[in-house]
Amino acid sequence: MSTSSFSAIVLAAGQGTRMKSKLPKVLHPVAGKPIVNWPVNAALEAGATRVVVVVGHLADSVREVLGQHFGSNVETALQPEQRGTGDAVRCGLAPLQGTQGYVVILNGDIPLLPTRAVTALVDAATHSKKPLSMLTGVIADATGYGRMIRDAAGNVVGVREHRDCTPEELTIREMNPGVYCAEVAFLEKSLANLRPQNAQKELYLTDIVSAAALDGGVASITWSMDDLHGINDRFELSQVDRAMRLRIAEKHARGGVSIRDPQRTTIDADVEIGADTTIEANVTLRGKTTIGEGAFIDVGCVLDEVVVLAGARLKPYTVATQSEIGERAQVGPFSHLRPKSKLGPDAHIGNYVETKETTLGARSKANHLAYLGNGVIGEDVNVGAGTIFCNYDGFQKHTTTLEDGVFIGSDSQLVAPVRVGKNAYVATSTTVTKDVPADALAISRVKQENKDGYGKKLRGAMQARKDAAKKGSAT
Ligand code: UD1
Ligand code: MG
């Protein structure tokens, strides 16, 4: 028998009080993506024909985030008051009225749940023909979770919430992860019968489990706890985030990337990395950062939405945002590429160089201590130590253009808007305020004068003054 078609309801209306946050719990990020995106993804990838996310607390922000990520692939249903998970499923079922077959129900706070767990659950439902199927997990300390209650024969007969457990029930190690697959007809009927008879005076979805036990039985699959941890507070968030990042590091490592220390590497879910690239310890790769083949990302680099092309070498503590680093380019240590920086092939940016909205052509170099803002730098340009592009007049940003082959001597300032023509030289310590023609030399520094013997004279006068002061204080 092939797996049945199914819809999915993802519960995401709760405030997540235990997070103690202004942001709804389900929007806190795990590996760079909102918590709720993960179960939604698992439902979609498992083949759900429709996915309805139940929203409530700060519904508009949750809707907006879902829209950005999933567009029309996901619908939302409003739960006006957060009266419990059972009430939430009632709300989620409303738009699915008239559908047949099965509905998968997922708590919105279980990001580690893989697609294959959803598929296995729907398979189990299809084969068992029971009105309700669910995953369960076994954990040493089930504090906070609902406990699975079984009869002497081992059949599931209910779920008891932690707060409602007897001392004996609290010792049960089999927990409810909040992952169910129900027949639509059974679900409608059992939800209608829910009553808020529990410690929290809420409508508990878990009460449909005892209803199913009396009405055809419950199929259960014991699944690895590694995939089932829910997030209720920020400590659980950090643990799930770490576990997710370890999975991401493993995926890259098995794809041919040397990840020096997976436990100390922070790679977001959408990052792509080419084979034969090395990622050293304490590197953070955020957003849609893409790294080509054979690149080297050294200790402590932080890249946010950055494209690094093949063979580039990022030395320790390079920080880059929304920028592109060309093939075989070298950056760092301690360089800062701010948004819209673009380095051509074999370009070099060295220590304490900051760039912003600046393009460097092939083989161009700025190796030490510089600020290059709003620059258009051609090929084979050399920018000396201490160069500053004075791009801002207090009101507007202006462009500095250095054409191919230009040489900028150390400690120069280029007051934008200004252009230095092809192969021109700017002498050390020049303040460039007007365009420099191609092949010219611009020099604006004061002429040097040497006064013979004056250094010695000065030294003598200073020493005498110091000696006199010492004598004065001794008497
Ligand atoms: C729930 C289960 C518990 C299980 C645990 C697994 C119930 C009654 N309890 O408890 O058996 O062990 O998950 O992690 O179902 N939500 C709504 N509307 C509401 C209330 C909650 O949409 O009115 C959503 C939340 O946003 C969340 C999910 O439902 O995504 C679970 O709610 P939560 O409050 O975290 O339930 P738990 O106490 O963890
Ligand atoms: Mg929870």
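A search of the whole structure finds zero disulfides. A disulfide here is a pair of cysteine sulfur atoms within 2.5 Å. Cys 91 is buried, at 16% relative accessible area. Cys 301 is buried too, at 0%. Buried means under 20% relative accessible area, exposed means over 50%, and partly exposed lies in between (1.4 Å probe, protein chains only).

## Basis of the model

This is a predicted model: local features need pLDDT of at least 70, side-chain atom pairs count only at pLDDT 80 or more, and totals for chains, interfaces and linings use all residues. Residues are numbered from 1 along each chain as its sequence is written, chains are lettered from A and ligands numbered from 1 in the order in which they are written, and side-chain values use heavy atoms, with hydrogens and water left out.

## Salt bridges: Asp 109 and Lys 25

The structure holds 22 salt bridges. Each is a side-chain nitrogen of Lys or Arg within 4 Å of a carboxyl oxygen of Asp or Glu. One of them joins Asp 109 to Lys 25, with the closest N and O atoms 2.9 Å apart. Asp 109 sits in the loop between strand 6 (102-107) and helix 4 (115-128), and Lys 25 in the loop between strand 1 (6-12) and strand 2 (29-30), so the bridge ties together parts 84 residues apart in sequence. Helices (H or I, at least four residues) and strands (E, at least two) are DSSP runs, numbered from the N terminus.

Asp 109 is buried, with a relative accessible area of 10%. Lys 25 is buried as well, at 10%.

## Asp 227 and Arg 247

Asp 227 and Arg 247 form a salt bridge, at 2.5 Å from N to O. Asp 227 lies in the loop between strand 12 (218-222) and helix 8 (234-254), while Arg 247 lies in helix 8, so the pair ties together parts 20 residues apart in sequence. Asp 227 is buried, at 6% relative accessibility. Arg 247 is partly exposed, at 31%.

Lys 288 and Asp 270 meet in a salt bridge, at 3.3 Å from N to O. This pair links distant parts of the chain, 18 residues apart. Lys 288 is in the loop between strand 17 (284-286) and strand 18 (290-291). Asp 270 is in the loop between strand 14 (266-267) and strand 15 (272-273).

Lys 288 is exposed, with a relative accessible area of 54%. Asp 270 is partly exposed, at 31%. Salt bridges with shared partners join Lys 33, Asp 270 and Lys 288 into one network.
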